[in-house]
Amino acid sequence: MTYSDGGGGTPGQSLMFAATKLNTRNHRLQWLVRALFGLMTLILIVPVGIILGVLVVRGGPAISLEFLFSFPRDAMTAGGIFPALVGTMWLVAVSLMASVPVGVAAAIYLSEYAADNWLTRVINLAIINLAGVPSIVHALFGFGAFVIFAGFGTSILAASLTLAVMTLPVVIVATRESLQTVPMAFREACWNMGATRWQTIRIVVLPNAISGILTGVILAVSRTAGETAPIMFTGAAFFFPFLPHSVFDQTMAMAMHLFVISTAVPGASDELKYGTALTLITLVLLMNAVSIGFRSYLRGKKKW
Amino acid sequence: MSRTLRVLPFLLVSVACGGCDGSSGAGRDIIQNKGSDTLVFVALSWAERYGEINPSVAVAVSGGGSGTGISALVNGTADIANSSRKMRNREIEGAQSRGIEPIEYVVGFDALAVFLHPDNPIEALSITQLAEIYAEGGSHETWSQLGVSVPGCSSDEIVRVSRQNNSGTYAYFQDAVLGQADYKLGSLHMNGSSEVVDLVANTPCAIGYSGLAYATEEVEMPCISTDGGDCVSPSVESAIDGRYPIARPLFMYTAGEPTGMIKEYMDWILGEAGQCILVDKGFAPAGSVSCA
């Protein structure tokens, strides 16, 4: 790191810019830290890459239209995954119908209406705790509350509501955060025009916060589609010979199906297992991609 | 956005009203069948076949273990419980206190096979030896104590593969082989029979057990002898004629004397069509049947 001053000065002058021992050491350390942290980041990506790679290589050959759109045969050792695929979509759709309105409404209340008092703080604490509850505990809660007490039986409705309770904190927290990123000045300007709080929320705050709300929904979708424990007791069957007709039917589900063909059924080929896993992960990534696309479209329309 | 918000209440109502339709019956009746992981494999096949024969009835099958099925029957979330062990008196009393009289059906028999890695030279085991291996206080910890050295198993230690404790297979093995003693600590408790087979097939040091129907070509099954008796290999035939020492009946339980579609389903299972599916899956039938 020596610089020539270009002006033909004496060597003594250029020494002014020469790296001291301390400089070199700092530089070396800086390079080391950078390499180390870069490596950590790389390690983060490696499992994702390996998982996707292995799934594509080993499960790819299994994927066909017939695999996706036919029923399992021969005690699930052959055939397709259609009922599980449809079942997962039912579960995701119904649970979003429950968790999104409730979660968004709660977040609007907490962010736009609630005063900062002890009650609000208790609610916030409850939400954080709800997010930390293990999924198997949610499963037991759902079994007691929805299957037995509410009398829904083991059904899509009970399973979806259990999943909704589980994903509620994700939706609430993401929505609240995004509502709070809308500048206060927007609201004040609106109020000054004589608008009520609700008018302000509806016309100014929500349209500006929608991309953040969708982030919450994306996270909820991924979790809903991938969970096994909460639906095991509440609505998912190992095998159900028909597609579900209503929310009171039981259903098969992708995550559960993968669990079953991997642990309970002898003779299911590895290709079938990897194919199911690949389809599940693709389904989640696809749903995420649609939401992400929509979100970036809305963000592009943002005027600030 | 405002349009979306106006739509939301309707979505909520539509969920609620999906309920109104569903509860009045969507033209299809559902039988909930839950329980034993040993039976789940054949229960799946029954449900699959029955759906083709009688499309107006849907049989939803779930596993989880015999205990899971029995408690589901008692709390009303299953119509038929599958169990690879008899209901315990405590469980029957629990059901009766809720006004449920469990009715027992023997739907077949299962030889409980012991699995070894194909490299393991052992070809015969006695019940006593199995108890020494699995039961608490038993002396056998290494393969050399059984007089063999297993290629690929350098530690010489016997890796005991077992089932989770709500499994009927776990309970039956405990009764029939361990003489009701506890399992040794440090056994591996697997959640499914095919998990046991997979693990043993890949672990030279391992020994495991589960229903014969779950055996694959990747594991060896030693013949089993009682003290002083002949050593009998597990097979459907030796389970039927009672020569194989650790064969057990498989049960299904209904809540009260079944009527209507549940009765029809049980009759079909115990009839020739159902029994032949059971035989096809590697179990022994409850009565004598002639299958193609």
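This briefing walks through selected features of chains A and B.

Welcome to a predicted model, in which local features need pLDDT of at least 70 and side-chain atom pairs count only at pLDDT 80 or more, while totals for chains, interfaces and linings use all residues. Residues are numbered from 1 along each chain as its sequence is written, and chains are lettered from A and ligands numbered from 1 in the order in which they are written. Chain A has twelve helices and two strands; helices (H or I, at least four residues) and strands (E, at least two) are DSSP runs, numbered from the N terminus.

**Chain A as a whole**

- Read from the N terminus, the elements of chain A follow the order α-α-α-β-β-α-α-α-α-α-α-α-α-α.
- The C-alpha trace of chain A spans about 90 × 65 × 35 Å along its principal axes.
- Chain A has a radius of gyration of 27 Å, whereas a compact globule of 304 residues would come near 19 Å (taken over C-alpha atoms, with a globule rule of 2.2 Å times the number of residues to the power 0.38).
- Of the 304 residues in chain A, 40% count as buried; a residue is buried if 20 or more other C-beta atoms lie within 10 Å of its own, exposed if 12 or fewer, and partly exposed in between, with C-beta atoms placed from the backbone.
- Among contacts in chain A with a separation of 6 or more, 74% come from residues 24 or more positions apart; two residues are in contact if their C-beta atoms, placed from the backbone, lie within 7 Å.

**Helix pairs in chain A**

- Helix H2 (residues 21-59) of chain A packs against helix H12 (residues 270-300) of chain A at an angle of about 130 degrees, and their axes are 8 Å apart; axes are lines fitted to C-alpha atoms, for helices over the stretch in contact, and angles run from 0 to 180 degrees between N-to-C directions.
- H2(A) and H12(A) are therefore oblique to each other (under 35 degrees counts as roughly parallel, over 145 as roughly antiparallel, 65 to 115 as roughly perpendicular and the rest as oblique).
- On the H2(A) side, A:Leu55, A:Val56, A:Arg58 and A:Gly59 meet residues of H12(A) including A:Tyr274, A:Leu278 and A:Ile281.
- The residues of this contact of H2(A) with H12(A) comprise six nonpolar, two polar and three charged; Ala, Val, Leu, Ile, Met, Phe, Trp, Tyr, Cys and Pro count as nonpolar, Asp, Glu, Lys and Arg as charged, and the others, Gly among them, as polar.
- Helix H5 (residues 118-132) of chain A and helix H7 (residues 156-180) of chain A pack at about 135 degrees, with axes 8 Å apart.
- A:Ile127, A:Leu130 and A:Ala131 in H5(A) meet A:Leu168, A:Pro169, A:Val170, A:Ile172 and A:Val173 in H7(A).
- The residues of the contact of H5(A) with H7(A) are eight nonpolar, no polar and no charged.

**Buried places in chain B**

- B:Pro234 sits in the loop between strand S10 (231-232) and helix H8 (236-240) of chain B.
- B:Pro234 counts as buried because it has 24 C-beta neighbours inside 10 Å.
- Leaving aside residues up to four places away in sequence, B:Pro234 touches B:Ala111, B:Ala113, B:Leu212, B:Met221 and B:Tyr244.
- Helix H7 (residues 193-202) of chain B is mostly covered, with seven of its ten residues buried.

**Positive phi in chain B**

- B:Asp156 is not a glycine, yet has a positive phi of about 70 degrees.
- With 14 C-beta neighbours inside 10 Å, B:Asp156 counts as partly exposed.
- B:Gln180, also not a glycine, has a positive phi of about 65 degrees.
- B:Gln180 has 10 C-beta neighbours inside 10 Å and so counts as exposed.
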